[in-house]
Amino acid sequence: MAVQYHTGVHTRLDLHGLMLGFIVGAWLTGMVGASLIALPPLALLVVAVLALLSLLPLRHHPQGRLLALLIAFFLFGAFRYLLALPSNTPHSISTLINAGSVQLQGTVSEEPMLQGRSRLLIISVQSMRFSTAASWQNATGTVAIRMSGNSIENPYGTNYGDTVTVQGVLHPPTPYDAPGIFASMTFPRIAVVTTAGSLISIVIAQLYHGRVILATIIQQALPQPAAALLIALFLSLRTPALSLLRPLFNVTGTAHLIAPSGFKVTILAGMMQTMTGWFYKAPTADYHRRASQRSQRHWRYRFTILLTITSIALYTLLSGAGPAALRAGIMGILLVSAPKIGRTYNVYTAMALAAGILSSFDPFILWDVGFLLSFLGTLGILLLTPTFQRLLQPLAHLPFGHMGAEIIAVTLAAQVATLPIFAIAFNQISFIAPLANILSVPLLGTFLLLGVLLCCAGLLSPSLALLVGWIAWPPLWYLIKIVSWCARLPGAYITVQGFNGIVGWSYYIALAIILLLLARKQPLLTSSSLAAAPASPLPPSFWLISQVSAATLILLTTGVVAHATVPDSHVQITFLSVTPSAQPPQGEAILIRTPDGKNALIDGGLDATALSSLLDSQLPTWQRTLDLVILTVPLSDHLAGLQDVVTRYHIREVLDAGMAHPNTSYALWRRTLRERAIPYTQVMQGTTIALGNTVVLQILWPSNQLDTSSDVRTNTLILRLLAPGLSILLLGAATENTHALNGLLTSIASNYLRATIVQIVGEIGKPLSAQTIQAIQRAQPSLLIITPAALNTKERKIAGISTVLPVTTLAPFTANDARMQIMQTAQVGTIEISSNSSGWSIQNIS
């Protein structure tokens, strides 16, 4: 898709048609003023009503009438802001902060979000009671709840629209909470009273569910971080895998690509009108004489407009329905519907209407960083782009110069308009933004089209989605490389400190004065002059043929490479070092690949994002299938990563030992397997699994009868892997449970325990048990691999803590057998073992 960059707006600031803009400006100014100076709300309301009544005697004085109207809405805005403050809200929950344990009942009012390893819920509270009270009392306010979790949607947890009860201690809002949050609560007890009840809640909840389904389709078709990037580009959904890329987009001034924006809505509207253009044909020569044709064309045109508006509304909700997305959605709907009702679209009026509607419902939206960046960025593009285009006019004579000059002008305009917001919120100012935007923005339409095609293909067939994924990966790879390269350039950005609100207001006052002077000195460019120069010297058919040819070439190249790849003649067993962000390595994950193209994953580690990055670095881009997934024990440092893997890959079979008393995490695991129709088998001692023609897995534990102990490690799967020239005993988390090891040592003959390599889980602060030492001695290995156990909550708070076992813990091995080599993934990183009939080798590939 060739995207043309025309502002397409009338930029001369005439008063005609801008009355709504002045009114909303007064309304917003009143809110800002009330945030600086607190006045009695009732007095403001009385004076505002008097100002409105003064319109009657001023009906013959236009200037006086306008002044009275602006004063009235200024006061109404101040009144609306003060009315929303917690101190002026009846039964506000802010009075309960640090008042001890309290129970709250309310509704999840926004889609759950992920923050690190926590799940953030926004709850609108309706009632409260203290733990000792029997009856509920009225309460009002919004509370931010942080829960443990690593998925946006949890069928066994709390989701949008649910009525819930939470119990805990209320604290003041954190600096990371959005404006309008009255209080916060961390890891409270929570229970779902009812699921989404009202029709609107059910519809929105289903749209959010659809958003997660579309994101899952993209994750299945693309490796990370390309999948996370396309999800952000198309759905404006920020998944954990995007965390490594977000700082790069921020410092290069391209964060608007992964956030809701009016440009995306405009592109979507253009797509819809293009796809539905065939629905109403151009009128024939006798059009005016044929009433039936006029009537038919009229209803088709109305249907097309309705379809476009519906698409914009749905896309706004799929983009998260945040302040920036709602602003873009409202303006997009006005853009499409204005001609239908016989009105000329005025972008300033549209912006004013969007800001007025949103601030009426939530006055604190004026302090939302996303809304400010979106609103001020759009306003800056409208007001400043013509000035920068005029300065860059010499570039228009170069090949593709008009498009390049316009992208630079739009980038500079948006950057100048939002500079204080970026400096205050992110402490950064980007200088590389013009270059980064020139190299990335022209592809945004292509990315949105690829997102639409991939999601539609995934709803029809996973194989078809994989083909579209092959086409989408090269441009996504290009965008990642370009943004990374720009971010690494010397002087790409600077870090600023001390940029406060006073400096920001001074900046905008100076900018407003400069704009007024420029407007008086030289008229702004009109929309006709902006669109006069062609966006490209090449015809549109050239771009269409080029894109189809590129897609075909990518498909053929990827298919040829995938089928021509010669399998390695070795069996490769990779012990992945799964390292959560800002934490030491925790958990185990073992990837097995055979010469005949089979692969298996044993456990998934503690962090899904880290695991997905490791897997995608080990497997080819087109490899989206795992033949076998094995869960050895339903602990978080084994299961968390797998829960993500079974949604991102096509899994042919899953094995585990089952669980006598399933907990929530394991129940969710089994439910995911059922919903995705993944074949599942519960295995036990004596089971043998063949992986291809060269690898055999023997199950040595648990026994036929699961132990009902509360310690889930009692039933840990203990496996023995047999491959040409190699045998590996995977003791795993069983080393932390004496019952499992005693059962293994008494029920399995010593010759079945013999192994070239032994793998165990090591927990810091705990010595190895006598049973662990005995099992390793029976195995007589030449290499011992130790993977780290998960840290507990207290240990994770210790700065600089390491999951590497100290020398004293390993002393029993070094003293008895100096020939045995010991390697810890927490110390050396990912370890890869390669074997064939001639022997085996080991290398550190971190």
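In this predicted model, S236 is a buried residue, since its relative accessibility is 9% and the cut-off for burial is under 20%. The residue sits in the loop between α5 and α6, the latter covering residues 246–251. Its backbone also deserves a look: S236 has a positive phi of about 55 degrees, although it is not a glycine. Most residues other than glycine have a negative phi, and most peptide bonds are trans. A positive phi of about 55 degrees is likewise found at Q780, again not a glycine. Q780 belongs to the loop between α24 (770–779) and β23 (783–788). With a relative accessible area of 54%, Q780 is exposed, whereas S236 counts as buried.

The bond from Q224 to P225 is cis, with omega near 0 degrees, and P225 lies in the loop between α4 and α5. P702 is placed in the loop between β19 and β20.

The axes of α4 and α5 are 9 Å apart, and the two helices pack at an angle of about 145 degrees. The crossing of α4 past α5 is right-handed. On the α4 side, the residues involved are R211, L214, A215, I218 and Q219, which meet A227, L230, I231, F234 and L235 of α5.

For L233, the contacts beyond four places in sequence are L257, I258, K264, Y315, L444, F447, L448, L476 and L479.

Turning to the strands, seven of them build an open sheet with mixed pairing, in the order β18-β19-β20-β21-β22-β23-β24. Its edges are β18 (688–691) and β24 (821–824), each of which pairs on one side only. On average, neighbouring strands of the sheet are turned by 20 degrees against each other, direction ignored. Within the sheet, β20 (residues 718–723) and β21 (residues 726–732) are antiparallel partners over five bridges, and L722 is found opposite S727 in β21. Helix α22, made of residues 738–747, lies across β19 (695–701), β20 and β21, and runs at about 110 degrees to β19.

Another strand, β25, has pairing partners in β10 and β26. All six of its six residues are buried, so β25 is largely enclosed by the rest of the structure. I831, I833 and S835 point one way from the strand, while E832, S834 and N836 point the other way. With β10 (residues 571–576), β25 runs antiparallel and is joined by five bridges; here Q572 faces S834. The pairing of β25 with β26 (residues 839–844) is antiparallel as well and has six bridges, with E832 opposite Q843. β25 and β26 form a hairpin that has two residues between the strands.

What surrounds S834, leaving aside its neighbours within four places in sequence? The residues in contact are H570, V571, Q572, G839, W840 and S841. S834 belongs to β25, which covers residues 831–836. Its relative accessible area is 13%, and S834 therefore counts as buried because that value is under 20%.

Terms used. Residues numbered from 1 in each chain as written. Predicted model: local features only at pLDDT ≥ 70, side-chain atom pairs only at ≥ 80, totals over all residues. Heavy atoms only, no water. Pairing = 2+ DSSP bridges. Helix = DSSP H or I, 4+ residues; strand = E, 2+ residues; numbered from the N terminus. Axes fitted to C-alpha atoms, helices over the stretch in contact; angles between N-to-C directions. Contact = heavy atoms within 4.5 Å. Buried < 20%, exposed > 50% of the residue type's maximum accessible area, 1.4 Å probe, protein only. Left-handed = near helix turned anticlockwise from the far one by under 90°.
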